[in-house]
Amino acid sequence: MPEAPYAVQMENIVIRFPGVLANDRVNFTLKQGEIHALLGENGAGKSTLMSALSGLYKPTSGVIRVGGKPVSFNSPKDAIAAGIGMVHQHFMLVPTQTVTENILLGLDTPRFWMNLPEYDRKVVALQDQYGLRVDPTAQIWQLAVGEQQRVEILKTLYRGANVLIFDEPTAVLAPAEIAEFIQTMRSLVAQGKSIIFISHKLHEVEEVADRITVLRKGKVTAEGLPMAGLNRAKLAQLMVGRDVIFAVKKKAQESGNVILEVKNLQASNNKGAPALRGVNLTIRAGEILGIAGVAGNGQSELAECITGLRECESGSVQVDGQELANQPPITAIQSGVSHIPEDRNHVGSAPNLTITDNVIMKHYRAAPIGNGATIDSAQAAIYAQNLKKTYDILAPSVRTQARKLSGGNLQKVILSREITANPRLIVAVQPTRGLDVGAVEAIQEHLLDQRTQGAAILLISEELEELLTLSDRIAVLFDGRVMGVVEGATASVEEIGMMMMGTELTAQKSGNAVSL
Amino acid sequence: MRLPFTLYIEKRTDEVPGWLPAATSVGSVIAALIVSGVVLALIGANPFIVYQFFYKATFGSWAAFSDTIVKATPLIMVGLACAVAFKMKLWNIGAEGQFYLGAFFASLVVLVPIVPPDSPKWLVLTAMVVMGMIGGAIWGFIPGYLKAKFDVNEIISTLMLNYVAILWNNFWIFDRWSDAGFQMTPTFDKTAWLPRLSDYARQYKAFSGITLHLGVIFGLVAAIVVWWVLSRSRWGYEIRLIGDNPNAARYAGLNIARNIVLVMMFSGALAGLAGMAEVSGVVHRLQERISPGYGFTGIIVAWLAKLNPFAVILVSILFGALIVAGREVQPSGISQMIQGFVLFAVISSDVLLRYNVRLIRTAPVEEAA
């Protein structure tokens, strides 16, 4: 064996789709036993490159070597046989089957007689080896997201993977689960596995990666640089091709009249359990109110109650004095409430319709796009083209289907639709989740711009840093209650962290809180 | 063994060229005819002679072509009915029942009578058109309302309402309006007949025996209306938006429940119009089994036409021809076999729209320069 043997070498990989050069002579090497971060903006060609490595696409030209030997994968099965396993961002699990059944799915053994208990034991043995704990007899739907991800990892390990590809594994995880996941990666590497780690969260990359490769527009801009000696600013610059301001500039400004007034709001979640237990909030014109909190403490329900998508059990939601609680969504829209929804694929857009059809979603009723009973398609196209230019939406044309856009561009489509109508109130839920640094910056600047123009903004985010940068005030939700409201400029992370764990601000101030 | 070529099938990442869907549909029909030809040859028939005979029976003369169009006429309207509902992902399997109710309501105009028996022809026919569409719309309203209000699965409710509609018709024609004990009403007065080309045989000799009736114009107008609604109107935009993503539609402020009811009524009205045209243009009375399953064939027609209203016309003519051909050859199952192959081929041809299929010369793995 030569010194520092490579687990994977990809040389001069070219992947061409009709009209697009997705990968242009890309070189990528993965050393045995390292964590190699693959970085790049949405649409830079990371997923394509990894699809070639996992057998989904065949490169137009170039060589892939696994353990030094050239390979040619015709299907994912070939890649798995060569010891390459991919953990996708969206899990590929059968919800109504058990953990063990999911792990065995598609394998040749057991053939007919399942004898699950025997395989349960094998799965437990595998879990012991790598410290990945999940009850093998639990059904997938009963598991938390982090546990489901462990099942996906176990699946690849059971198939004998030596190289694991993680596609944005932390995007779906809660903060505590992320810490655990990083531990898992370390223990996998300690046992000789090699990991390719795709992530947009630069601080995670900084923490865990040994080396990095950066792609930009299908080309390599940094090949296998050691992480030591790099910092976040440098990483961002390599990805975007220019310097990125991490903290967008927020101008001080006086806020105006009260726009949104939420009083004693109560509502249930989808399972019928109380999600909001008497929430009181106000937002003034030209003010950003950030909502912090661990996911699932009522944030989604709050946004849905304000926008008319969820029934309120009691209390009131007023925008400019107009009551919106328990009114249909159209009332909120007509009162000037914009909504950037949490789920951009399943709520914010219609995947098979064009960009044009997507941007007119809230504007087709009125002139110039709506024209009596008809829609003026020429006007609609002009409107969409303007937005495409103004918001720098990268797509072949406005007739492109929404589902073909990258996450960042889809979010720009949604944002452009929501803020062109000069909204009174913007309800933005996780507006930058899963986006690359360039897109995050663009979206944040658009929000601040709306603030300057006098919109009231409710910003729900799980990124504390984002909240601290953008918000004038930050309210913390815990178990459906507001634990306290702090000034964005003077707020401390500790203070907010305590409230996120359920200690009220007043209790902290009076000294009842345990010190951190 | 190493073949000189390898077949690659990859998910399509580019836009589908505009001509491709039409090309694959035509190609599938040809493929279906070839496969059916092989089967015909295997059972000892000469497929060329059979197809020649089919052609003669369906397109070979003006009279034959007219027969084909007469069979295609109800399919056009029923196919449009299904296409409208399917566009919103409302699975209306009840066009058959809506067809029967349309026929029943149209017949009421004559049987009650709703307009005086000595009314002019235009009044009688207009009343029948309106009543036929109302009848179908009522039969669409029921499952639509149930779905909008109580989330009742429309596949089940529309399917079951088909049987209710057929039996409802039977009750009236057996029990109330039976013509001398037969399961049919007496023939309607000629004022209730849609004009046929053969009516003008005295002026134009060529029209004698041509049964083509005004209903086909209803079908063509309906296709234009449906096209306009779906691709030009605000309502059509709402239908497409709800069909693609109901969550996004609700988020954008659309009233989904109202649209479910309206689209089901529109769909039902189109199927009801087909029932009216069949009663007034072909059988000239209300009778048992006025539809040999048009409502179900309409589902296939809409699907093969990929919900495109103008393609519905072409597919309906093809299926009309197959119905006529089925009457002309023995065993009549042959034309059903061809229908089956056509459906099979068109559905399989979707692979070409969703994937890039490429034939690539196999080359040894080379070191790139």
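# Close-up views

**View 1. A:Pro368 lies in the loop between α11 (355–359) and β17 (370–371) of chain A.** Helices (H or I, at least four residues) and strands (E, at least two) are DSSP runs, numbered from the N terminus. A cis peptide bond links A:Ala367 to A:Pro368, with omega about 0°. This is a predicted model: local features need pLDDT of at least 70, side-chain atom pairs count only at pLDDT 80 or more, and totals for chains, interfaces and linings use all residues. Residues are numbered from 1 along each chain as its sequence is written, while chains are lettered from A and ligands numbered from 1 in the order in which they are written.

View 2. B:Pro113 sits in the loop between α4 (95–111) and α5 (121–150) of chain B.

**View 3. Helices α4 (residues 116–130) and α5 (residues 145–158) of chain A pack at an angle of about 100°.** Their axes are 11 Å apart. Axes here are lines fitted to C-alpha atoms, for helices over the stretch in contact, and angles run from 0 to 180 degrees between N-to-C directions. The angle makes α4(A) roughly perpendicular to α5(A). Angles under 35 degrees count as roughly parallel, over 145 as roughly antiparallel, 65 to 115 as roughly perpendicular and the rest as oblique. From α4(A), A:Val123, A:Leu126, A:Gln127 and A:Tyr130 meet A:Leu154, A:Leu157 and A:Tyr158 of α5(A). This contact has six nonpolar, one polar and no charged residues. Just after α4(A), A:Gly131 has a positive phi of about 65°.

**View 4. B:Ala277 belongs to helix α10 (residues 256–283) of chain B.** B:Ala277 is buried, with 31 other C-beta atoms within 10 Å. A residue is buried if 20 or more other C-beta atoms lie within 10 Å of its own, exposed if 12 or fewer, and partly exposed in between; C-beta atoms are placed from the backbone. B:Met77 is 200 residues away from B:Ala277 in sequence, yet their C-alpha atoms are 9.6 Å apart. Leaving out residues up to four places away in sequence, B:Ala277 touches B:Thr73, B:Pro74, B:Met77, B:Leu194, B:Gly215 and B:Phe218. Two residues are in contact if their C-beta atoms lie within 7 Å.

**View 5. A:Asp320 has a positive phi of about 50° although it is not a glycine.** Its loop runs between β14 (314–319) and β15 (322–323) of chain A. A:Asp320 is partly exposed, with 16 C-beta neighbours inside 10 Å.

**View 6. B:Asp151, also not a glycine, has a positive phi near 55°.** B:Asp151 is in the loop between α5 and α6 (154–176) of chain B. B:Asp151 is exposed, with 9 other C-beta atoms within 10 Å.

**View 7. Chain B meets chain A through 21 residues, which contact 33 residues of chain A.** β1 (5–11), α8 (234–244) and α9 (246–251) of chain B each supply at least two residues of this side of chain B. The largest share, five residues, comes from α8(B). By class, this side of chain B has eight nonpolar, five polar and eight charged residues. Ala, Val, Leu, Ile, Met, Phe, Trp, Tyr, Cys and Pro count as nonpolar, Asp, Glu, Lys and Arg as charged, and the others, Gly among them, as polar. The predictor gives the complex an ipTM of 0.85 and a pTM of 0.81.
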